[in-house]
Amino acid sequence: MISLPRIVRVAVPSPLYRHFDYLVPQSGPMPCAGARVRVPFGKRTLVGIVLKTADQSDVPLARLKQILEVLDPEPLLDATLLRLLLWAAAYYHHPVGEVIQSALPLGLRRGKPATVGQVDSWIANDRGRMLLASTSGRDTAEKRLLRFLADAPEAVDQSALALISKRWRAIVRSLVANGLVDVVSRKCLAQPPVEVVPPPSASTAQHQAITAIAAGGAAFHCYLLHGVTGSGKTEVYLQAIDRVIKEGAQALVLVPEIGLTPQFVDRFRRRFPVAVAVIHSALSESERQCAWLSAREGSAPIVLGTRSAVFVPLKALGLIVVDEEHDNSFKQQEGFRYSARDVAIVRAKREHVPIVLGSATPSLESLRNALDGRYQLLPLPERAGSAGLPSVRLLDLRQLARNNGLTPPLVDALRNRLERKEQSLLFINRRGFAPVLMCHDCGWIAACGRCDSRLTLHKSAERLRCHHCGSEAAIPATCPACHAQRLHGLGEGTERIESALTRLFPDARIERIDRDSTRRKGVLEEKLARVRSGDADIMVGTQMLAKGHDFPNLTLVGVVNADQGLYGCDFRSSEQLFQRLMQVAGRAGRADKSGEVIIQTFHPEHPLFSALRAHDYQGFANYALQERREAQFPPYTHLVLLRAESPERSSALRFLLQARDLAAALRPEESQVSILDPAPSPMERRAGRFRAQLLIQGRQRDALQHFLDQWLPQIAEMPQARKTRWSLDVDPMDLY
Ligand code: ADP
Ligand code: ZN
Ligand code: ZN
């Protein structure tokens, strides 16, 4: 009997925009779509995913190679998820093999068996506790870790320990060897504590939102939960999740940052008697694989994760929640440049489940969709419990004296909080001491040798640092241009504010929280713990402090300089500034004491501030949407950015000019696609390379996609394409 050839179409991890056909030996098992296979690829052996089985190929059979091994007897990725990944590869115009890879934990990518293993966790034993009780003296990393394990109500896994110390692995090993700590092997999932706490009674607005989501049932609906900071959005998520897990389905919850996961895990565990799978980049490979597989087999009713969790397989998806949906972190900014929020919406639609997008400051894209009736708007206009929104006061920097960036009214307000034993937060979006080092005699400015940017003065580290490429230099003693000794730091960073405060309030306990001061693992958690327990009076920090945190005794928020971004060059600058200010303002007065926000600015008359004072996000958004409509920017059009960079100034631009000529030949105007002129990027030189970009604007998503489908293969064929580093960004978040 003659049998038909057995052929599989395989996505292999390669930067090529295509899949590859392989023969399956007649004697062996036939892999199914979604299963992993080991295949020869050039001189290497790779693990790929079967997209499809077939009995013919466009390639002559004699030239097809055979697969080496079938790794999964059943699909690792189900058909729905596989289709979602193929859609994402097509929409973001990224090689399908790389897209599918990004959905798999590392071990599975490398061909490890897809089995849920046990993971280790640790707990202090009686000897460990006795030792703690009997020793005194200096706190070492060992002691801190032991105390952490002794205080924990149950065994602690490595995702938590990794946050305590960078050296946790070595320390734990020696604690175990010394008989102070026991190892417990268990499943990777976070289990609920013994006693689960019932929900509070919902406010009227919360109740309305919960009822609306329940009324939508199990079908696809996109809800935009627009709740002011502290309005109890999480409570709405919890009630929606409650229904879903009672029906035996799973809830997928996406958060923008790893730092927000413990808070959520804690709230889930205290509410629901079910296991929670957590998926983010700080996990070990075994933990990640365990969580991933538990989501896939349905043993985790709640799956919580950051961006990449949107691609986790789920046995019975019933609901998706995207918290802080406006946050930029949902967009991957390199490689496979997808938006997890947008993919989540597509996924919910394809799997016919509801999705809740939550934010105090929704993106203009989502707001417009709500205004047009595509999403259902669920407002929570007031704070939960007895808290009110903080008052907002503007200080005009043109009329006030400044001491290291701080005006007298702001200093008075800080003093007042110190006297009342309440906490304050000063927000400044620049780390370091001063953003510029300048010579007072000749005007020389310390610049980065590899970027079009200035070096930031870091006083405590005694270095000049570039915040764009990371290069460093020593602080010169005299001016390199005129040899004068009058070099001064201009402007303010977190370090300068911290030292000014130390001089103004020598007795105050000040915590600086930025990327420099929290580089060591565990320090951020320690600092936040001190703030929460009342062992800190004033916090000075960057964006890190603005998001999500709940500090009940914090009553004053000061914004040292709100003007960065006010007249920024990106069309999203003012949206992002407003969101950031509203988020940071939202930290003040969340409990029973009322809060105040003080904003220092050179432009108090700017309309953005009047909206901020009135907590009128909708008012600001209406104004911003109007502007976007007039300028024909998103959400009224769709953008794609072709970026290029090269070591010589001209060749990136030349590449883009050629690409534009190819585009013009495709007559894009017929599908209402416009191609702008290539231009150097706003910061042209970065890390020694010259960067340029080409913006494409389309009225209709489909027409724009169709255009890209034709254009991209042509670009890839250009001889110049091999010599230039280039990438395509669909729906870019910034135009840099
Ligand atoms: P958001 O996510 O909207 O900023 P949270 O969900 O963190 O707000 O809620 C803010 C605070 O209000 C939390 O401490 C929460 O426990 C509390 N809270 C939420 N809903 C209620 C309610 N219905 N009654 C009393 N307190 C509530
Ligand atoms: Zn000089
Ligand atoms: Zn640089």
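**Entry 1: two cysteines to start with**

I looked up C451 and found it buried, and C466 is buried too. I note here that I am reading a predicted model. Next I asked what these cysteines hold. Both are on the list of protein donors of the zinc ion (ligand 3), which reads C448 (SG), C451 (SG), C466 (SG) and C469 (SG). These donors lie 2.2 to 2.3 Å from the zinc ion.

I then looked up the angles. The four donor atoms around ligand 3 subtend 103 to 115°, so the arrangement is tetrahedral. The cut-off I needed is that all angles lie between 85 and 135 degrees.

I wrote down the spacing of the donor residues of ligand 3 as C-x2-C-x14-C-x2-C. The pair C451 and C466 links distant parts of the chain, 15 residues apart. I placed C451 in the loop between strand 19 (436-439) and strand 20 (456-458). I placed C466 in the loop between strand 21 (463-465) and strand 22 (472-474).

**Entry 2: the zinc ion (ligand 2)**

Which residues are the protein donors of the zinc ion (ligand 2)? I found C439 (SG), C442 (SG), C479 (SG) and C482 (SG), lying 2.2 to 2.3 Å from the ion. Their donor atoms subtend angles of 106 to 114° around ligand 2, which makes this arrangement tetrahedral.

The donor residues of ligand 2 are spaced C-x2-C-x36-C-x2-C in sequence. I traced C442 to the loop between strand 19 and strand 20, and C482 to the loop between strand 22 and strand 23 (487-490). The pair therefore ties together parts that are 40 residues apart in sequence.

**Entry 3: ligand 1**

How many residues surround ligand 1? I found 16, and the closest are S201, Q206, G230, G232 and K233. I sorted the shell by class: three nonpolar, eight polar and five charged residues. Helix 9 (residues 233-246) gives the most to this shell, with three residues.

I then looked up individual atom pairs. Q206 has a polar side-chain atom 2.8 Å from a nitrogen atom of ligand 1. At G230, a backbone N or O atom lies 2.8 Å from an oxygen atom of the ligand. S231 also brings a backbone N or O atom, 3.2 Å from an oxygen atom of ligand 1. On its own, ligand 1 has 560 Å² of accessible area, and the protein covers 71% of it.

I found D72 in the loop between strand 6 (69-70) and helix 1 (79-91). D72 counts as buried because its relative accessible area is 5%, and the cut-off is under 20%. What joins the side chain of D72 to that of R36? I found a polar contact of 2.8 Å.

**Entry 4: A11 and D729**

A11 has a relative accessible area of 3%, so I list it as buried. A11 and D729 are 718 residues apart in sequence. In space they are 22 Å apart, C-alpha to C-alpha.

Methods. Residues are numbered from 1 along each chain as its sequence is written. Chains are lettered from A and ligands numbered from 1 in the order in which they are written. This is a predicted model: local features need pLDDT of at least 70, side-chain atom pairs count only at pLDDT 80 or more; totals for chains, interfaces and linings use all residues. Side-chain values use heavy atoms; hydrogens and water are left out. A residue is near a molecule or strand if one of its heavy atoms lies within 4 Å of it. A polar contact is a pair of N or O atoms within 3.5 Å; within protein, one must be able to donate a hydrogen and the other to accept it, and residues adjacent in sequence count only if both atoms are side-chain atoms. Accessible areas come from the Shrake-Rupley method with a 1.4 Å probe; for residues, only the protein chains shown count as cover. Helices (H or I, at least four residues) and strands (E, at least two) are DSSP runs, numbered from the N terminus. Ala, Val, Leu, Ile, Met, Phe, Trp, Tyr, Cys and Pro count as nonpolar, Asp, Glu, Lys and Arg as charged, and the others, Gly among them, as polar. Donors are N, O and S atoms within 2.8 Å of the metal (3.2 Å for Na, K and Ca); water is not among the atoms, so sites may look incomplete. Four donors count as tetrahedral if all angles lie between 85 and 135 degrees; four count as square planar and six as octahedral if opposite donors are over 155 degrees apart and all others between 65 and 115; anything else is irregular. Buried means under 20% relative accessible area, exposed over 50%, partly exposed in between (1.4 Å probe, protein chains only).
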